[in-house]
Amino acid sequence: MAGIDVHADLDLDSPTLIEGLPGVGLVGKIAADHLVDTLGMTRYASVTCDGLPKLGVYAAGERDVRPPVRVYADEAADLLALQSDVPVSPQAAPHFADCVTEWLDATDVTPIYCSGYGTEERSTPPAMFGVATGGAGERLDDLEIPAPDEHGAISGPTGALVAAAAERDLAGLGLVVESNPQFPDPEAARVLIRDGITPLTGVEVDTAALVEQAEDVQERREQLAKKLQEAQNEASSEAKPLRMYQ
């Protein structure tokens, strides 16, 4: 139906879906991937909407090829996760959003959209706020998830999904977290899970691995910054004495 091919017979009752498309800081993708791996979620459906790249994705240690965009499920938790191994192009985003949103609406799924807010001066821990479609904002109020403190917009494929939900008056939630604009940000993804996804779904997962990832990413950033500084120093102009003939 609507480009979502379900191939697992699971008993789900008005489930919640965590959207994990690649975006700023990869916050949504990291969060969704972590939930899929930690909960051992079942591959539930393939997303075959027009405009998505036709790729055969394979994983380490596995024989079966899978599509690049998939939905995973945890039956006990009534939880779905949209996992993507590829970005959705701007050209495909509107149709993709309509395709997915039609399925969400028809199957009584409440989406939680996840987006990074790129900033070089983020808080510690990263700050998060929430928005809503279809009158779902009361859930954010009940959990005291802050509203945005300035005007803004969610762009890209996640923004297209939010816009499609708003147009259909579909009850949905959006979580926006401060994140590094240039590098993957596991710490921001951890905030999404801890302060947003867990309170909204009641699903708790260990996020210690994300803390370790954040430390590893920070170390790599520092190494990269050092290499860039060294390269800049080597390429910069400066006066040096010539002692070869002295």
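**Close-up views of a predicted model**

**View 1. Strand 7 and strand 8 run antiparallel.** Strand 7 (residues 128–133) and strand 8 are joined by six bridges and run antiparallel. The model shown here and in the other views is predicted. In this pairing, Met 128 stands opposite Val 177 in strand 8.

**View 2. Strand 8 also pairs with strand 6.** Strand 6 (residues 110–118) and strand 8 pair in the parallel sense, over seven bridges. Opposite Cys 114 stands Leu 175 in strand 8.

**View 3. Strand 8 is mostly covered.** Strand 8 spans residues 172–179, and eight of its eight residues are buried. Side chains in a regular strand alternate between the two faces of the sheet. Here Gly 172, Gly 174, Val 176 and Glu 178 point one way from strand 8. Leu 173, Leu 175, Val 177 and Ser 179 point the other way, and the residues of both sets are buried.

**View 4. The whole chain, for orientation.** Six helices and eight strands make up the list of elements in the chain. Along the sequence they follow the pattern β-β-α-β-β-β-α-β-β-α-α-β-α-α. The chain has 246 residues, of which 45% count as buried.

**View 5. A salt bridge links Arg 122 and Asp 185.** The side chains of Arg 122 and Asp 185 meet at 2.4 Å, N to O. This pair links distant parts of the chain, 63 residues apart. Arg 122 lies in the loop between strand 6 and strand 7, whereas Asp 185 lies in the loop between strand 8 and helix 5 (186–201). Arg 122 counts as partly exposed because its relative accessibility is 29%. Asp 185 is buried, with a relative accessible area of 2%.

View 6. The closest N and O atoms of Asp 33 and Lys 29 are 2.9 Å apart. Because the two residues are four apart in helix 1 (residues 27–39), about one helical turn separates them. Buried means under 20% relative accessible area. Asp 33, at 18% relative accessibility, therefore counts as buried. Lys 29, at 16%, counts as buried too.

**View 7. Arg 194 and Asp 195 form a salt bridge.** In this salt bridge the closest N and O atoms of Arg 194 and Asp 195 are 2.9 Å apart. Arg 194 counts as partly exposed at 34% relative accessibility. Asp 195 is partly exposed as well, with a relative accessible area of 32%. Elsewhere, salt bridges that share partners join Lys 29, Asp 33, Arg 70 and Asp 85 into one network. The structure holds seven salt bridges.

**View 8. Acidic residues form a negative surface patch.** Asp 9, Asp 11, Asp 13, Glu 75 and Asp 108 form this negative surface patch. One of these residues, Asp 9, lies in the loop between strand 1 (4–6) and strand 2 (16–20). Asp 9 counts as exposed because its relative accessibility is 79%.

**View 9. Gly 156 and Ala 93 are shown together.** Gly 156 lies in helix 4 (residues 156–168). In sequence, Gly 156 and Ala 93 are 63 residues apart. In space, the distance between Gly 156 and Ala 93 is 7.3 Å, C-alpha to C-alpha. Gly 156 counts as partly exposed because its relative accessibility is 40%.

Technical notes: Residues are numbered from 1 along each chain as its sequence is written. This is a predicted model: local features need pLDDT of at least 70, side-chain atom pairs count only at pLDDT 80 or more; totals for chains, interfaces and linings use all residues. Side-chain values use heavy atoms; hydrogens and water are left out. Patches are made of residues with over 30% relative accessible area and no salt bridge: like charges are joined within 9 Å, nonpolar side chains (Val, Leu, Ile, Met, Phe, Trp, Tyr) within 5 Å. Accessible areas come from the Shrake-Rupley method with a 1.4 Å probe; for residues, only the protein chains shown count as cover. A salt bridge is a side-chain nitrogen of Lys or Arg within 4 Å of a carboxyl oxygen of Asp or Glu. Lys and Arg count as positive and Asp and Glu as negative; His and the chain ends are not counted. The place of a charge is taken as NZ of Lys, CZ of Arg, CG of Asp or CD of Glu. Buried means under 20% relative accessible area, exposed over 50%, partly exposed in between (1.4 Å probe, protein chains only). Two strands pair if DSSP finds at least two bridges between them.
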